Each structure stands twice: as C-alpha cells, then as structure tokens.
Amino acid sequence: MVETLNLFRNLYRRWISRLDEPARDEIAAAFRFRYVCFKDLLDSNTQVLNIITDLEGKLEGRQVFGMSYVRSQSARAAFHAFRMIKSLDVLSGHKYPLLYEVLDRINARIKEPLGEKKELPVTDLILPYSRITKEMVDWVGGKSAHLGEVLNSVHLPIPAGFAITTHAFEAFLAHNDLRDEINKRKMALDPQVPQTLAQVSEEIQQLINGAQLPPALKEAIISAYEEMAQALRPSGNLDFSLRVSMRSSAIGEDSELSYAGQYSTILNVTKDKLLEAYKDILASLYTPRAISYRLNKGIRDEDTAMSVACLQMVDSVASGVMYSHHPFNVLQDHIIISAVWGLGPYAVEGVITPDTYQVAKDPDFTILKTQISHKPVQLVSDLKGGLKEIKVAPENMDQPCLTSEQIKTLAAYAVKLDEHYRGPQDVEWALNAQGRLLVLQTRPLRLQPPALDRLETVPPVSGYPVLVAGGAVAYPGVGCGPAYQVLSDEDLLNFPDGAVLVARHSSPKFVLVMPKAQAIITDSGSISGHMASLSREFAVPTILGTKTATAAIAGGQEITVDAYTARVYQGKVPELLTLQQSRQSHMQETPVYQTLKKVAEHIVPLHLVDPKSPDFTAQACSSLHDLGRLVHELSYTEMFKISDLVSNQGGGALKLDAPIPLDLYLIDLGGGLTGVAARATKVTVDQVASAPLKALLKGMLHEGLGAWEPRPIQFAGLFAVMREQMLSTPDIAERFGERSYAIVSDKYLNFSSRVGYHYSVLDAYCGLTVNKNYITFSFKGGAADDVRRNRRVRAIAIVLIGLDFAVEVKGDRVDARLQKYEAPVIAEKLDLIGRLLQFTRQMDMLMTSEVSVEAVATNFLAGNYSLDLTEVAP
C-alpha cells in the first residue's frame with residue numbers, strides 16, 4: 001500500500017511541475033487582481049454603511065441640509081453599490097448579471113422623488129443675512145443658513161454682513177472656463193501617488209487665485225461691502241475703515257469636512273484684500289486633503305460649491321464657545337460657557353485655558369460653577385489687517401471675562417437656540433466693545449459618550465451598581481428592562497416584549513425584535529455595521545463592543561442601559577429614565593426633509609437580515625442596503641473558492657520552512673512576506689508579515705500540541721479507518737493533493753489545505769477596520785466511515801461554536817463564519833483555529849462513539865491538547 005501511495009504522489013508532483021515560470025507568474029498576477037477587486041468591494045461596503053449612518057443622522061431632523069446634500073449622498077450610495085456589484089462580477093466570473101438590473105430598478109426609485117420638484121435657483125450674487133433662512137442652504141451653505149436662521153427666526157443678534165452665494169461661485173468658474181481646466185488637471189491624479197495629489201492641488205489653486213472675477217461679481221462684492229461700511233460708520237467718524245471676517249460655507253459634502261476646519265477662514269480683512277481673500281477661500285476647496293476626501297468618498301466636483309460668509313470683524317473684548325448641554329455628561333443638562341480675552345481662536349485652539357461657567361436652565365439662570373484661569377495673552381485684530389498677539393493687562397490676567405449679567409444673557413441665548421433647533425447646540429459667541437453679545441455660529445451638538453480616559457470625569461449615578469462600563473454607542477438613549485441573552489436563533493424567537501437584548505456579537509437578525517427591545521448590548525460589534533444602522537432606524541439605545549456584557553449581565557436581571565455614557569446599571573435608575581422622552585425635529589416640516597425621507601426609503605432600510613432565508617436573493621432586494629448586504633455576503637463565497645484554483649495551479653509560490661506537518665506554499669499578494677530574496681524558493685516563519693497568517697501559524701506551532709509526538713492509538717478506531725481506506729475509492733486529487741497553499745497580504749489570508757483525506761479552507765481579513773474583518777472556515781473529509789466523519793465534524797462544530805463562530809454542519813462538512821470583530825480578537829481566533837487544525841489531524845480514530853464527540857470538543861476548549869484517547873472511549 002505504501003508503494004501505491006508513493007506512486008500516486010510522484011505522478012502528482014510531475015503534473016504540478018509542468019507549469020513553467022511565466023505561467024506561474026501569470027497565475028499569481030490573476031490572484032492579485034482578484035484580491036484588489038475584493039478590497040475595493042470591502043471599501044465600498046464600508047462607504048455605503050457610512051453614508052447610511054449619515055442619512056440616518058439627517059433623518060433625526062436636527063441638522064440643516066439642502067437638496068445638494070440629498071443628491072450628493074444618493075449619487076455616492078449608488079456609485080459604491082455599483083462598485084460592489086462590479087467587483088463581485090469580476091470575482092465570480094460574471095455569475096450575477098441580475099444584480100445590475102436590481103441596482104437600476106432601485107436607482108430609478110431613488111431618482112423619482114429627486115425629480116418631483118425642481119427648485120428655483122437663487123440668481124443673486126449677494127444675499128444680506130436679513131433675507132437668509134435655513135431653506136437657502138444650497139445657495140449660502142450651512143454656516144450662513146444657520147446665521148440667517150438665528151437672526152430671522154430666533155431673533156438673536158449676529159454681526160452685520162452678507163453671503164456671497166454659490167451662484168457667484170459658479171459664475172466665477174464659468175467666466176474663466178475653470179471647470180474644464182480643473183478637470184484636465186485632475187486627470188493627472190493617482191491616488192496611490194501622494195505627490196500627484198499635492199501637484200494637482202497646487203496647480204488648481206494657482207488657477208483660481210490667478211483668475212479674474214466677473215465684473216458683475218466684483219462690483220456686487222464691493223458694493224455690498226461699502227453699503228455695510230456706510231451703515232456701520234459712526235456719525236462724524238470719517239476715518240472709519242470696515243474690516244471683515246470671511247468664512248467658508250461649502251455645500252454638497254458631509255458637514256464633518258467643513259466643521260473640521262478644512263476650508264479657509266480669513267479674519268480681519270481690509271477692503272483692499274477683500275477680493276483676494278474671496279479667491280483664497282474658493283481655492284481652499286482644492287487643498288490636497290479636500291481633493292483626497294472627495295475622491296475617497298465618491299463625491300463629484302459637480303455636487304460641491306463654495307459660498308462665503310462676509311461678516312463685520314468683531315473686535316472682541318471677550319469671546320468663546322457655549323454648549324447648551326454638557327457635551328458628554330448626559331445627566332448634566334446645564335449650559336457650559338468658556339471665555340477668553342480677545343478673539344476666539346485662542347479658546348478653540350487651546351492656546352489659553354479659558355474661564356468656564358456652568359449655568360442652570362432655571363428661570364433665573366443660576367450660575368452653578370465658575371472657574372477663572374490665568375490668561376496672560378490675547379489675540380486681537382491688527383489695524384493693518386491680520387491678527388496679532390498682545391499681553392493682557394496685568395490687572396485683567398486673573399479676572400473673569402464676563403459679568404454675571406453677561407453670563408446669564410448668553411445662557412438665555414443658549415436656551416432659545418436649544419428650543420428652536422429642538423436639540424443641543426454648539427455656539428460661538430463674541431462680546432463687542434459696546435458690550436453687546438453676538439452669535440458668530442451655531443451648529444448641532446452631538447452628545448457622545450466620553451472617551452475612556454474621560455469616563456471617570458462623568459461619575460456614575462450613585463446608589464446603583466455598574467455592571468458594564470465602556471463600549472461604542474451606536475444609538476444614544478436610555479432603556480430599562482429585564483436582560484435577555486440571545487445566543488441562538490431560538491432565543492431570538494422567544495424574545496420577550498420590553499426586554500434588553502444582550503448578545504456576544506451584533507447581528508442584523510436582531511431587527512426581528514427591535515420593536516420590542518428596550519436596548520441592545522453586545523460584547524463586540526461595529527457602530528458602522530448593518531445592525532448599528534438598524535438600531536438607529538428603530539431608535540433603539542445600543543452599546544456595542546463592551547467585551548464583558550454577556551459575562552457581567554445575568555439573564556432576567558433588571559438593568560438600566562445608559563447609551564450616553566456607555567454604562568449599564570443593575571436595577572431601575574429613575575434619574576436616567578427621565579431622559580427617555582424624545583424630541584421632535586425642526587427640519588421635519590421642510591420640503592427638503594420630506595424629499596430625503598422618500599429617497600432614504602430606497603437606501604436605508606435593511607430587509608435581508610438572514611443569509612439562510614430563502615428570501616436572501618437579488619429579487620428580494622428593495623434598497624441599496626439590501627443590495628450591499630447581499631453582495632457582501634456573496635463576496636465571501638467567491639473569495640473562498642480562490643483556494644481551489646491555487647491548490648490546483650500553485651503559481652508563484654514559496655515553500656514555508658517551518659516545523660508543521662504540512663507542505664505549505666505561500667503566494668504573496670503584497671505585504672504578506674518580508675525580506676524575501678530575488679530568487680528565493682523558501683521562506684521562514686520570521687519572514688511572514690501577514691497578520692492573519694502569523695496568527696494561524698502561532699496556533700499551529702503551539703508548544704502544547706506536541707505535533708511531532710505520536711498520539712496514543714485506540715486500535716478499534718485505527719482498524720475502522722484502515723478498513724474504510726481499503727474499501728473506498730475517493731478522488732485521487734482529494735487524497736493525494738499533497739501541497740497546501742496560502743495566499744497572503746498584510747491583512748488577508750486564504751489558506752487551502754488538502755492532507756490525505758482531509759480538506760480545509762480558511763479565508764480571513766484582519767485589519768483596523770472592524771467592518772472588514774472576518775474569518776470563514778470550512779472542513780471536509782476524513783478516512784473513516786460516514787458515521788465517524790460526521791462525528792468528527794460535529795466535534796469541530798462544537799469547538800467553533802464555543803469560539804463564537806456561526807456554524808453549519810452537513811454530512812462530513814462543517815462551515816463556520818465569524819465577522820466584524822476587532823483585529824486582536826480575529827488574531828486570537830485564528831490562533832485557536834491553527835491549534836484546531838493540528839489537534840484534529842487524527843481525530844477520525846477517536847470517533848468510536850457519540851460520547852467521543854462532546855469529550856473531544858470539551859478537552860480542546862479546556863486547553864487539553866495532549867488528549868489520552870482512552871479517556872474518551874465508551
């Protein structure tokens with residue numbers, strides 16, 4: 001029998017060696033191409049989920065947005081859905097043409113509400129703030145729309161000024177034929193070469209700064225400036241010279257880009273620098289970071305435009321920031337005011353520690369706390385233009401910037417803004433030389449759980465034990481009820497109304513009980529994943545990634561979930577339950593909100609939550625979320641199949657020199673190996689840079705496995721295996737495919753092993769983006785009879801379930817999936833799978849009875865890898 005085995009092995013070696021070097025290189029290149037497609041698919045899946053998250057935030061109705069935003073996000077979502085389908089199409093060999101038809105159908109439904117009503121565009125080049133409301137966000141941008149709303153609807157004072165509209169921006173581009181010129185320059189962009197980004201950015205900004213303003217626009221800006229100067233000139237002061245601040249107010253993009261200070265703001269601009277400053281701000285639309293952001297987010301230049309706010313420069317006696325609610329302590333519904341002498345940038349940028357005041361929202365605006373800091377310098381306007389730093393007068397360095405009356409006036413502003421926008425606000429303010437307090441900017445304040453290093457600054461509610469502290473908030477809020485642990489589909493079916501769902505990992509299947517759930521807590525999961533999106537859609541307070549929830553919370557225990565500070569309390573906490581009441585939004589009555597709502601119906605909802613369902617098909621997709629979920633799931637299957645091609649072809653492979661019982665060859669897609677010589681044929685374990693392969697090898701080389709020691713033999717099992725080998729005639733390739741292969745990159749692994757009668761495939765991604773991380777594992781075969789092989793895979797299944805995998809067993813095959821865990825968890829699971837692969841090499845001989853199934857699995861999970869087979873015999 002040994003001679004026969006050797007004969008077949010030699011035949012197999014001769015066949016595999018027929019591939020010449022060019023063929024091997026061609027195969028390796030094909031694998032790399034497929035991997036790039038797979039990475040593109042994962043990237044677009046993340047982008048679609050981010051877009052859905054942003055849409056859900058806008059659907060809360062507390063942020064101002066316009067039709068440009070709706071169109072831009074719709075186009076981005078459709079683009080990334082198409083990119084996912086195209087990548088899958090290449091991976092699969094064009095097996096899914098129906099997906100294109102489904103995308104076209106959904107896109108047609110998205111476009112219907114977008115074309116229902118065409119807005120009449122503003123043709124004004126200049127708009128005074130007395131005419132601006134939130135509905136004009138498409139023409140003046142978010143900053144100016146908010147300021148117009150503050151002045152005309154909330155009736156609070158703002159600096160005098162006007163907005164230079166997006167129509168002016170388009171007129172400027174058209175006058176100089178800049179759209180075509182900009183597009184020509186952008187053709188030289190290569191996202192993989194940062195130098196091209198910097199070069200293209202510099203060229204486009206030079207084009208804009210060197211271009212001429214249309215005469216009508218130039219005249220409109222100067223006339224608006226002179227009218228404002230005339231209105232503000234003190235009586236009899238012929239030397240008065242108006243200076244302005246010019247702030248970017250872009251549209252068509254996520255608010256995070258503008259709010260992050262991406263675009264230019266130029267302070268203390270004199271008349272002679274007015275037009276130059278305007279062009280500088282327009283040019284900031286094409287900084288390297290802004291271009292890269294739009295490129296990576298799939299935002300078209302056609303969907304972006306720049307408006308500029310031109311406001312009287314306030315020579316602030318004092319200025320600062322005000323929050324209408326504590327930014328991360330949900331229990332402190334107080335107003336927080338910070339103040340410095342002079343201009344506000346020193347407070348925002350942290351140059352000076354500001355004075356801080358806490359004010360109650362009672363009728364008297366009681367000042368609860370005052371902290372006065374040492375303020376040695378201040379930022380002021382230079383009469384020649386620009387800014388300068390000067391020393392604070394010695395007598396004022398340790399004095400408060402605001403009087404009690406001024407503090408209370410600001411607090412009253414905060415309450416008015418909070419009530420108007422129906423949500424907490426982040427406000428910039430200034431105190432002018434005449435003692436008048438002005439609002440410079442307001443925007444929604446997102447209440448976020450504190451960072452871990454600041455959690456201790458938000459004390460827990462006293463008198464109630466904290467069961468869980470920490471995690472990521474997917475949807476803020478408070479929920480209270482009995483804990484119900486969901487560890488299986490059966491648990492989900494029995495979920496009681498009003499309970500708090502506790503699980504090891506987030507799952508879109510939880511949508512079945514979200515209408516009944518008070519809150520959701522999981523050990524792991526991603527806030528940009530499918531389930532997190534569903535939590536926001538159903539407004540269920542959700543904390544993910546707590547790591548300890550299932551261990552710390554007992555089933556049936558009454559708990560209160562604080563999904564603001566990411567804490568879970570034992571018992572009912574009345575102080576938190578008062579926060580359960582919801583607020584209506586100020587945008588819901590607007591036409592643009594209703595359009596977004598109609599569009600979002602075909603983007604946001606997720607109906608395909610169970611891959612095992614017969615309805616998990618292309619025909620059942622009714623939203624881009626459904627389509628993305630389906631394509632994402634199918635992509636794993638297609639990447640899984642790549643191992644069959646590798647093990648049959650073996651192109652471009654290097655042998656791994658390691659003490660493991662496998663003839664393992666590696667194909668590097670890029671970054672998977674390090675320090676490999678030009679004509680090397682072998683690599684060592686130390687040269688493996690691939691994170692998932694390193695983890696797998698760590699497990700396979702675990703010292704407790706005793707891989708090279710002979711295992712105790714149970715002769716009944718051995719004879720049964722030998723009998724089955726002699727009587728059966730399995731496929732030669734399955735039995736004697738001696739080589740094993742691993743396709744690797746820095747974060748990716750596809751491992752294919754055929755040893756004797758056993759066949760296993762592992763596919764994994766292990767990186768910083770939780771949504772991309774996964775492990776799929778499949779094991780099939782064995783040399784024993786069908787009964788023993790089935791027992792074997794059931795033992796493996798028990799182990800994998802114990803490791804938190806989703807598992808399915810069919811005959812002598814086990815398939816398992818684990819996804820969306822942080823990289824250290826993925827690495828830990830791969831380590832354990834490596835141990836499992838070694839542990840199970842001779843498991844067929846153990847499977848003499850049903851008792852063996854549970855015993856083998858229990859021993860492995862307990863870390864007993866030197867299993868004495870006599871201990872599990874019946």
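Predicted model: local features only at pLDDT ≥ 70, side-chain atom pairs only at ≥ 80, totals over all residues.

User: What does the side chain of Asp43 meet in a salt bridge?

Analyst: Arg83. The two side chains form a salt bridge at 2.9 Å, N to O. Asp43 sits in helix α2 (residues 21-59) and Arg83 in helix α3 (residues 67-92), so the pair ties together parts that are 40 residues apart in sequence.

User: How many salt bridges does the structure hold?

Analyst: It holds 24 salt bridges. One of them is between Glu149 and Lys134, with the closest N and O atoms 3.4 Å apart. Glu149 lies in helix α5 (residues 137-154), while Lys134 is in the loop between β1 (126-128) and α5, so this pair ties together parts that are 15 residues apart in sequence.

User: Is Glu149 buried or exposed?

Analyst: Glu149 is buried, with a relative accessible area of 2%. Lys134 counts as buried too, at 13% relative accessibility.

User: Which residues are linked in a network of salt bridges?

Analyst: Glu181, Lys184, Arg185 and Glu203 are linked that way.

User: Changing topic: helices. How do α6 and α7 cross?

Analyst: The axes of α6 (residues 166-175) and α7 (residues 178-186) cross at roughly 75° and come within 6 Å. That angle makes α6 roughly perpendicular to α7.

User: Which residues meet there?

Analyst: From α6 you have Phe169, Glu170, Phe172 and Leu173, and they meet Leu178, Arg179 and Ile182 in α7. The residues of that contact divide into five nonpolar, two charged and no polar.

User: What about helix α22, how many of its residues are buried?

Analyst: Seven of the 10 residues in α22 (residues 691-700) are buried, so the helix is mostly covered. The buried ones are Pro692, Leu693, Ala695, Leu696, Leu697, Gly699 and Met700.

User: And where is Ser223?

Analyst: Ser223 is in helix α9 (residues 215-232). Ser223 is partly exposed, with a relative accessible area of 29%. Ser223 and Ile126 are 97 residues apart in sequence, but their C-alpha atoms are 9.8 Å apart in space.

User: OK, strands now. How covered is β7?

Analyst: Strand β7 (residues 335-341) has seven of its seven residues buried. Ile335, Ile337, Ala339 and Trp341 point one way, Ile336, Ser338 and Val340 point the other way, and all are buried.

User: Which strands does β7 pair with?

Analyst: Strand β6 (residues 318-323) is joined to β7 by six bridges, and the two run antiparallel. In that pairing, Val321 stands opposite Ser338. β7 also pairs with strand β8 (residues 355-359), in the antiparallel sense over five bridges. There, Ile336 has Gln358 in β8 as its bridge partner.

User: What order do the strands of the open sheet of eight come in?

Analyst: The order is β14-β21-β20-β16-β17-β18-β19-β15, and the pairing is mixed. At the edges are β14 (466-469) and β15 (472-475), each pairing on one side only. Neighbouring strands of this sheet are turned by 30° against each other on average, direction ignored.

User: Can you zoom in on one pair in there?

Analyst: Take strand β20 (residues 558-562) and strand β21 (residues 567-570): four bridges join them, and they run antiparallel. Thr560 stands opposite Tyr569 in β21.

Conventions
Residues numbered from 1 in each chain as written. Heavy atoms only, no water. Buried < 20%, exposed > 50% of the residue type's maximum accessible area, 1.4 Å probe, protein only. Salt bridge = Lys/Arg side-chain N within 4 Å of Asp/Glu carboxyl O. Axes fitted to C-alpha atoms, helices over the stretch in contact; angles between N-to-C directions. Parallel < 35°, antiparallel > 145°, perpendicular 65-115°, else oblique. Contact = heavy atoms within 4.5 Å. Nonpolar A, V, L, I, M, F, W, Y, C, P; charged D, E, K, R; others polar. Pairing = 2+ DSSP bridges.
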